[in-house]
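Welcome, and thanks for opening the viewer. Let's walk through this model one selection at a time.

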Amino acid sequence: MHEYMSETRARIWGLSCPGLPEEVSRARRWTRDILRGSPVAEDAELIVSELSTNAVLHTASGRPEGGFYLAVAVSARIVALSVTDAGGTNTAPAVEYQDQEAEHGRGLGMVSLIADRVAVHSNADGHTVTAHLFADAKRGTRPC
């Protein structure tokens, strides 16, 4: 746990990114820096990579004027990772079950396997996908 964290308070960070493919690696590094030393850092980094990539490839976020927003919330018991896209699609993100040979369509399914909970919220402006990673009480670890 970071020295500035209390048992009851969460710390929240936000990052706005242009909708360029190279911004996915920036979002991943930014998340890694925030969660440095956390037992969920690698999972969080992978989740952010998948959600950011989906935003850039499958929504208006990837258009020249597009972008996506990443939020990371950390408390003693949970890490929540949210990516909000720019919309532009008629359907909300959903888990697709593809075979192992498929080159596309497995990202959100993988996120749902890694995360303890995944939620999708949509409105007229876009979609927000939030993945939660909980502390593992059996091993006595905490997200930070």
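Start by selecting Leu81: it touches Thr31, Ala44, Ile47, Val48, Leu51, Ala71, Val72, Val129, Thr130, Ala131 and Leu133, leaving aside residues up to four places away in sequence. Contact here means heavy atoms within 4.5 Å. This is a predicted model, where local features need pLDDT of at least 70 and side-chain atom pairs count only at pLDDT 80 or more, while totals for chains, interfaces and linings use all residues. Residues are numbered from 1 along each chain as its sequence is written, and side-chain values use heavy atoms, without hydrogens and water.

Together with Leu81, they touch the most other members of the largest nonpolar core, which has 28 residues. Such a core is a set of buried (under 20% relative accessible area, 1.4 Å probe, protein chains only) Ala, Val, Leu, Ile, Met, Phe, Trp, Tyr and Cys residues joined through side-chain atoms within 4.5 Å. Helix 2 gives the most to this core, seven residues.

Now show helix 1 (residues 22-34) and helix 2 (residues 41-58), which pack at about 155° with axes 9 Å apart. Axes are lines fitted to C-alpha atoms over the stretch in contact, and angles run from 0 to 180 degrees between N-to-C directions. The two helices are therefore roughly antiparallel (over 145 degrees). For their contact, select Val24, Ala27, Arg28, Thr31 and Arg32 of helix 1, then Ala44, Glu45, Val48, Ser49, Ser52, Thr53 and Val56 of helix 2.

Finally, zoom out: the elements run β-α-α-β-β-α-β-β from the N terminus on, with helices (H or I, at least four residues) and strands (E, at least two) taken as DSSP runs numbered from the N terminus.

Key
Angles under 35 degrees count as roughly parallel, over 145 as roughly antiparallel, 65 to 115 as roughly perpendicular and the rest as oblique. Buried means under 20% relative accessible area, exposed over 50%, partly exposed in between (1.4 Å probe, protein chains only).
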